[in-house]
Amino acid sequence: MKNTPKISESEWEIMKVIWRDHPMTAEQIVQQLPQGTEWSDQTVRTFINRLMKKKALGYEKSGRSYLYYPLISEKECVRAESRSFLNRVFNGAAGLMMTNFLEETSLSDQEIERLQQILLEKQGKTSKESKDVKDSSQP
């Protein structure tokens, strides 16, 4: 996996807009920002320039405008940010993190069922991998 750039909270807001719909001009990005985000055009352009320097955004010239598009996927950024958070806050202990979130969060029945399904799939994958390793070590 390539190196995913570290993106600030403000830059995330810009990226969310561009991931949703691209390519976009800076003016379109400003219009699509969430309600209550009161950044000037220049502030948005500053964030865009930072994201281009970090190689998170690319651009192409279209007439007198620049069209911006993502160079990294939302999934890559979420994965990198999740890994960073896990290491920074929980010293990499995913079980501790999950336990903490589950104890502190209200979940719908559908969310609980989905989590159970994921855990069962993980358990099956782990059991199968363990079995494969044991089988391959037998003469």
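## A first look at this predicted model

The chain has 6 helices and 2 strands. Of its 139 residues, 22% count as buried. Among contacts between residues at least 6 apart in sequence, 52% join residues at least 24 apart.

### Two helix pairs

Helix α1 covers residues 9–20 and helix α3 covers residues 41–53; their axes lie 10 Å apart, and the two helices pack at an angle of about 90°. α1 and α3 are therefore roughly perpendicular to each other. The residues of this contact divide into 6 nonpolar, 1 polar and 2 charged. On the α1 side they are S10, E11, I14 and M15, which meet V44, F47, I48, R50 and L51 of α3.

Further along, the axes of α4 and α5 cross at roughly 90° and come within 10 Å. That makes α4 roughly perpendicular to α5. By class, this contact has 7 nonpolar, 1 polar and no charged residues. Here F85, L86 and F90 from α4 meet A94, L96, M97, N100 and F101 from α5.

The table sets out the two pairs.

| α1 and α3 | about 90° | 10 Å apart | 6 nonpolar, 1 polar, 2 charged |

In soluble globular proteins, nonpolar side chains tend to be buried together. In this model, the largest nonpolar core has 20 residues, and those with the most contacts inside it are I7, I14, M15, I29, I48 and L51. The elements that give two or more residues to this core are α1, α2 (26–32) and α3. With 6 residues, α1 gives the most.

Leaving aside residues up to four places away in sequence, I29 touches I14, V17, I18, M24, V44, I48 and Y68.

I18 sits in helix α1. Is I18 buried or exposed? I18 counts as buried, because its relative accessibility is 0%. Beyond residues up to four places away in sequence, I18 touches M24, I29, L57, Y68, Y69 and P70. I18 and E74 are 56 residues apart in sequence, yet their C-alpha atoms are 9.8 Å apart in space.

### A loop residue

T25 is placed in the loop between α1 and α2. T25 has a relative accessible area of 12% and is buried. Again not counting residues up to four places away in sequence, T25 touches S65, Y66, L67 and Y68.

### Helix α4

Helix α4 runs over residues 74–90, and its 17 residues reach 23 Å from the first C-alpha to the last, close to the 24 Å expected at 1.5 Å a residue. Which residues of α4 are buried? They are E76, C77, L86 and F90. What covers these buried residues includes α1 and α5 (94–104). Just after α4, N91 takes a positive phi of about 50°.

Terms used
Residues numbered from 1 in each chain as written. Predicted model: local features only at pLDDT ≥ 70, side-chain atom pairs only at ≥ 80, totals over all residues. Heavy atoms only, no water. Axes fitted to C-alpha atoms, helices over the stretch in contact; angles between N-to-C directions. Helix = DSSP H or I, 4+ residues; strand = E, 2+ residues; numbered from the N terminus. Parallel < 35°, antiparallel > 145°, perpendicular 65-115°, else oblique. Contact = heavy atoms within 4.5 Å. Nonpolar A, V, L, I, M, F, W, Y, C, P; charged D, E, K, R; others polar. Core = buried A, V, L, I, M, F, W, Y, C linked by side-chain atoms within 4.5 Å. Buried < 20%, exposed > 50% of the residue type's maximum accessible area, 1.4 Å probe, protein only. Expected span 1.5 Å × (residues − 1).
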